[in-house]
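Open the model in your viewer and keep the selection tool at hand.

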Amino acid sequence: MKSSEPLQAHSRLWNDDLAPTRPEQRTWRWYHFAALWVGMVMCIPAYTLAAGLIESGMSWSEAVGTVFLGNFIVLIPMLLIGHAGVKYGIPYAVLARASFGTRGARIPALLRALVACGWYGIQTWFGGMMIYTLVGVLIGHPLEGEKIAWLGINFFQLASFLVFWALQFYFVIHGIESIRKLETYTAPLKILICFVLLAWALNRAGGLGPILQQPSQFVEGGKKAGQFAAVFWPSLTAMVGFWATLALNIPDFTRFAKSQRDQIVGQAVGLPVPMGLLAALAVVVTSATVVIYGKAIWDPVDLASRMTGAAVLIALIVLLVDTVSVNLAANLVGPAYDFSALNPRAISYRTGGYITAGIAVAMMPWKLLESTQGYIFTWLIGYSALLGPIAGILIADYYIVRRTQLQVNDLYSDHGEYRYKNGWNPAAIAAFIAGVLPNLPGFLNAALPSVFPDVPEVFKTIYTYAWFAGIAISTVVYVASMRLQKQTTVPQQTRPSEA
């Protein structure tokens, strides 16, 4: 059922930000969603994804194909989970109550929020480095200084990071509508800049460069002949993991959609193809940098700093705007709602945004980016092992157990259908644990190889498919557990009112 009825304001599970969207709030059309995704896709981490794949031995076509395929795969749960947002007007943290219980939903909300905090910090670090580079260009020499021992970065890097962090607060204060407008207005600019960058690179290099001519290292006679599968599958999992957070909290956006068609068309147009094209652009431009500068430059900030005249200022300013728009849409909206859902009476959406920004600093994101290996195989795959099982549970509950039928008011009640056992659904907890545990040994080996060197190969293999294994196992276990519990999906006839 759809519901726009006013819910009891004294419920501990309700506040204005978490309440179902009203008809007048449902203004997002398909082009808003397409612009949202174009805005999020055109970001520095997405640009540099192909770098890790080519460094691992792939040809440019294999790298671009892997990026496209990963994003096509993650689009499927994105559309499935987004359906509930449109139909009921509820955010992810509230949808999770149907499967995990009114109290148990704090677990998926918190896990998704903490991952987003890490991403918020990573993007803020990139933005800070642009300011750091821009100031160096303006004064005529790079900013330098001794590294702060316990941080591993110098004072000017830290200051630039904090300045960019502070710049984003306008949008934290003004809410999701200000973010929608930013994405809609900047998306065409980002597309234009991509074509300008491509034209510049081809003109300066006099054509396509060495990277495009470099064959795959996995072919017969190559350095890694016969090892394609060993690199492809963890790389594909990492590509899925790149947007795994958004696959969960996409209801935070689709709850504002005018119709199901708008969210489906908008996301299908806006995600997989632009990601593949951006990867192709990155490969072409980087290939040109080998000709222009004598080495491959995958970092667009480094590339912008090497340009001359007004071009460097324009490029860095565009990158700054780009990073702000991506960070806010992809990494602020979700955790702000999630933190609010932990304690709706005390934490509003805005307060949740403040918490997100604070944790992002504490996580010291520059340490997550110290190596390509750490970025792709530890960070991306590692958190996909946590989020895959949650996606499996949400999809299984909504489509298999409930046939897309939810009792909206019960999602905000301690005494309704989703109370389960004191607010916890044992089936969801069991399914989540079952989905995560097989990936744990492989994660420990990847993150701390010197501490966990002797993990059996079978667990390393499972970890290679972390997101896929997690979503499959959790789906099967959840459906089986719900049947064993004989959990009814029929609304209770009488429910006590909120105390």
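## First stop: Met 364

Select Met 364: its relative accessible area is 22%, so this residue is partly exposed. The model is a predicted one. Met 364 sits in the loop between α18 (349-362) and α19. Now check its backbone. The phi angle of Met 364 is near 45°, which is a positive value in a residue other than glycine.

## Another positive phi: Tyr 420

Go on to Tyr 420. This residue is in the loop between α19 and α20 (426-436). Tyr 420 is not a glycine, yet it has a positive phi of about 55°. Is Tyr 420 buried or exposed? Its relative accessibility is 14%, so Tyr 420 counts as buried; the cut-off for buried is under 20%.

## Zoom out: the whole chain

How many helices and strands does the chain have? There are 23 helices and zero strands.

The protein chain exposes about 19900 Å². Carbon and sulfur atoms supply 66% of that area. Of the 499 residues, 57% count as buried.

Next, colour the charged side chains. You will find 33 positive and 25 negative ones. The centres of these two sets lie 7 Å apart.

One more item for the whole chain: its contacts. Residues 24 or more positions apart account for 84% of them.

## Into the core

Hide the surface and select Trp 37, Met 78, Trp 243, Phe 253, Leu 271, Met 275 and Tyr 478. These are the residues with the most contacts inside the largest nonpolar core, which has 146 residues. Which helix gives the most to this core? It is α19, with 12 residues.

Centre the view on Leu 271. Leave aside its neighbours within four places in sequence. Leu 271 is then in contact with Trp 37, Val 41, Asn 71, Val 74, Leu 75, Met 78 and Trp 243.

There is also a second, separate core of eight residues. Select some of its members, including Met 129, Leu 143, Leu 151 and Ile 153.

## Along helix α19

Return to α19 and select Pro 389. This proline lies in the helix, which covers residues 372-401. Its relative accessibility is 0%, so Pro 389 counts as buried. Setting aside neighbours within four places in sequence, Pro 389 is in contact with Ser 384, Phe 432, Gly 435, Val 436, Gly 470, Ile 471 and Ser 474.

Pro 389 and Phe 72 are 317 residues apart in sequence, and their C-alpha atoms are 19 Å apart in space.

Now pick Ser 384, also in helix α19. Ser 384 has 0% relative accessibility and therefore counts as buried. Beyond its neighbours within four places in sequence, Ser 384 is in contact with Thr 237, Gly 241, Pro 389, Ala 466 and Trp 467.

Select Met 58 in the loop between α2 (44-55) and α3. Its relative accessibility is 0%, so Met 58 counts as buried. Show what surrounds it. Not counting residues up to four places away in sequence, Met 58 touches Leu 53, Ala 63, Thr 66, Ser 216, Phe 218, Phe 228, Val 231, Phe 232 and Ser 235. Draw a line from Met 58 to Val 219. These residues are 161 apart along the chain, and their C-alpha atoms are separated by 9.8 Å.

Move on to Glu 62 in helix α3 (residues 60-88). Glu 62 has a relative accessible area of 22%, so this residue is partly exposed. Which residues does Glu 62 touch, not counting those up to four places away in sequence? They are Gly 57, Ser 216, Phe 218 and Phe 228.

Finish with one more distance. Glu 62 and Phe 232 are 170 residues apart along the chain. Their C-alpha atoms are separated by 8.9 Å.

Note on methods. Residues are numbered from 1 along each chain as its sequence is written. This is a predicted model: local features need pLDDT of at least 70, side-chain atom pairs count only at pLDDT 80 or more; totals for chains, interfaces and linings use all residues. Side-chain values use heavy atoms; hydrogens and water are left out. Helices (H or I, at least four residues) and strands (E, at least two) are DSSP runs, numbered from the N terminus. Buried means under 20% relative accessible area, exposed over 50%, partly exposed in between (1.4 Å probe, protein chains only). Contact means heavy atoms within 4.5 Å. Accessible areas come from the Shrake-Rupley method with a 1.4 Å probe; for residues, only the protein chains shown count as cover. Lys and Arg count as positive and Asp and Glu as negative; His and the chain ends are not counted. The place of a charge is taken as NZ of Lys, CZ of Arg, CG of Asp or CD of Glu. A nonpolar core is a set of buried Ala, Val, Leu, Ile, Met, Phe, Trp, Tyr and Cys residues joined through side-chain atoms within 4.5 Å.
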